[in-house]
Amino acid sequence: MHLLQFSTSHYCRKARLALGYKQLPFTVENLTPGLHALKLKPLTGTTTVPVLLPELEGQPRAIADSSHIFEFLDQHHPADPVQRSQVKQLEDWLDESIGVATRFVYYDYRAGAGKSIDPSLMSQAVIAIVRRQYGMNAARVKLAGDRLADALHYLQQHWKDREYWVGSQITAADLTTAALLSPLALLPHYRAAHPWLFEKIATVHQRCGEPLPPGLA
């Protein structure tokens with residue numbers, strides 16, 4: 001299997017965690033934002049990453065979107081079906097709300113107080129492209145920060161003291177949480193306020209054989 005991705009994308013990290021948890025061998029190809037469309041459009045008709053190329057006879061040539069990749073992996077490498085609908089609801093909430101909020105907060109930090117993490121022209125150009133692509137401004141970043149605060153409060157109540165979100169083993173809900181909140185490890189405020197969260201994120205990465213995200217390595 002071959003994964004097309006952006007190296008810094010937390011949605012691509014989600015796909016890597018799923019592949020690692022299921023112990024499936026895969027290779028990774030890092031694409032350049034902007035130029036990536038030339039490769040992806042002929043494959044999927046879209047420009048979003050991650051994209052998985054199963055490279056298996058009789059299977060789709062390409063699968064776009066991390067949630068669709070999860071569904072494909074569960075179909076061909078079945079997971080425990082217990083409370084599957086609950087897992088899907090959690091994954092959708094994390095994808096559509098928390099993942100987006102994290103992206104806004106993270107890239108705002110990297111363009112400002114966190115610029116020293118990588119001040120290179122290439123890094124800052126990528127950050128500028130992402131910020132422009134998603135229409136990031138001060139007001140929208142503030143809304144994202146508020147949404148993230150509410151979500152972290154919910155996680156502290158419902159995930160902190162559980163080994164897993166649902167059932168007795170890792171599910172897409174745990175993998176998605178660990179992936180989509182991992183960029184916050186580079187933001188000192190979140191590391192100081194929620195140490196338990198990053199311990200759980202590290203544990204999920206270790207279970208999946210995925211290198212720890214920046215800030216936790």
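Helices (H or I, at least four residues) and strands (E, at least two) are DSSP runs, numbered from the N terminus. The model on screen is a predicted one, in which local features need pLDDT of at least 70 and side-chain atom pairs count only at pLDDT 80 or more, while totals for chains, interfaces and linings use all residues. Residues are numbered from 1 along each chain as its sequence is written, and side-chain values use heavy atoms, with hydrogens and water left out.

Begin with the sheet. Select the four strands that form an open sheet with mixed pairing, in the order β2-β1-β3-β4, where two strands count as paired if DSSP finds at least two bridges between them. At the edges stand β2 (27-30) and β4 (63-64), each of which pairs on one side only. Colour β1 (residues 2-5) and β3 (residues 51-53) next: these strands run antiparallel and are joined by three bridges, and His2 can be found opposite Leu53 in β3. Turning to the other neighbour of this pairing, β1 and β2 run parallel and are joined by four bridges, with Gln5 standing opposite Asn30 in β2.

Together, β1, α1 and β2 make a right-handed β-α-β unit, a crossover being right-handed if, with the strands pointing away from the viewer, the path from the first strand over the helix to the second runs clockwise. Helix α1 lies across β1, β2 and β3, running at about 165° to β1; here axes are lines fitted to C-alpha atoms, for helices over the stretch in contact, and angles run from 0 to 180 degrees between N-to-C directions.

Two loops deserve a stop. In the loop between α1 and β2, select Gln23, which has a positive phi of about 55° although it is not a glycine. In the loop between α2 (36-44) and β3, select Pro50, where the peptide bond from Val49 to Pro50 is cis, with omega near 5°. For context, most residues other than glycine have a negative phi, and most peptide bonds are trans.

Next, display helix α7 (residues 172-180) beside α1 (residues 10-21): their axes come within 8 Å and cross at roughly 140°. On the α1 side, the residues in contact (heavy atoms within 4.5 Å) include His10, Tyr11, Arg13 and Lys14, and on the α7 side they include Leu175, Thr176 and Ala178. The residues of this contact divide into eight nonpolar, two polar and two charged, with Ala, Val, Leu, Ile, Met, Phe, Trp, Tyr, Cys and Pro counted as nonpolar, Asp, Glu, Lys and Arg as charged, and the others, Gly among them, as polar.

Keep α7 and bring in helix α4 (residues 84-111), which packs against α7 at an angle of about 5°, with the axes 9 Å apart. That makes α4 roughly parallel to α7. Residues of α4 including Val87, Leu90 and Glu91 meet residues of α7 including Ala172, Ala173 and Thr176, and by class the contact has six nonpolar, four polar and two charged residues.

Finish at Leu186, in the loop between α7 and α8 (188-193). Its C-alpha atom is separated by 9.2 Å from that of Tyr109, 77 residues apart along the chain. Leaving aside neighbours within four places in sequence, Leu186 is in contact with Tyr106, Tyr109, Ile117, Pro214 and Gly215.

Conventions:
Angles under 35 degrees count as roughly parallel, over 145 as roughly antiparallel, 65 to 115 as roughly perpendicular and the rest as oblique.
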